[in-house]
Amino acid sequence: MAQNSPSVLRMFCRGLIRRCAHCGEPGAFFISWFKTQDRCRGCKLLWQRNMQGFALGALAINFVLTGGSLIATLVIGVVTSYPDLAIVQVLVSTVGVTLFVGIFGFPISYTTWLAVDLIMRPVESGELANSPTE
Ligand SMILES: [Zn+2]
């Protein structure tokens with residue numbers, strides 16, 4: 001089954017919306033929000049592509065997004081309430097946004113990292129074939 005690789009932009013956009021970067025299958029690797037399966041439902045691409053440390057890249061993306069949202073929320077809260085700092089409101093909104101981005105962004109960071117991985121190391125012919133029927 002020969003399949004042309006999608007463009008870099010298309011793969012990245014698919015990753016950002018929690019789809020398989022290779023075939024575009026929605027929720028391709030996810031059984032639930034946090035639980036994954038080994039292969040994509042659409043193209044049978046192996047989730048971690050036999051790469052040790054795959055999760056580290058995904059976690060780095062999630063860490064940057066979560067940390068960035070924490071800092072942005074904190075700065076916006078301080079700037080908008082200056083000079084009478086609304087400490088409790090700023091902290092509550094900062095914690096809320098940070099938790100939301102961390103949890104909501106978890107699977108997206110994985111599919112985005114898969115897109116980055118696919119951009120750097122395109123799919124080889126053997127990766128899609130010979131997948132066991134599930
Ligand atoms: Zn796929």
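Author: A word on the source before the crossing. This is a predicted model, where local features need pLDDT of at least 70 and side-chain atom pairs count only at pLDDT 80 or more, while totals for chains, interfaces and linings use all residues. Residues are numbered from 1 along each chain as its sequence is written.

The axes of helix 2 (residues 54-81) and helix 3 (residues 87-120) come within 7 Å and cross at roughly 150°. Those axes are lines fitted to C-alpha atoms over the stretch in contact, with angles from 0 to 180 degrees between N-to-C directions. That makes helix 2 roughly antiparallel to helix 3 (angles over 145 degrees count as such). The helices themselves are DSSP runs of H or I, at least four residues, numbered from the N terminus.

By class, their contact has 13 nonpolar, 15 polar and no charged residues. Nonpolar here is Ala, Val, Leu, Ile, Met, Phe, Trp, Tyr, Cys and Pro, charged is Asp, Glu, Lys and Arg, and the others, Gly among them, are polar.

And the link? Pro 83 lies in the loop between helix 2 and helix 3, and the peptide bond from Tyr 82 to Pro 83 is cis, with omega near 5°.

Technical notes: Helices (H or I, at least four residues) and strands (E, at least two) are DSSP runs, numbered from the N terminus. Angles under 35 degrees count as roughly parallel, over 145 as roughly antiparallel, 65 to 115 as roughly perpendicular and the rest as oblique.
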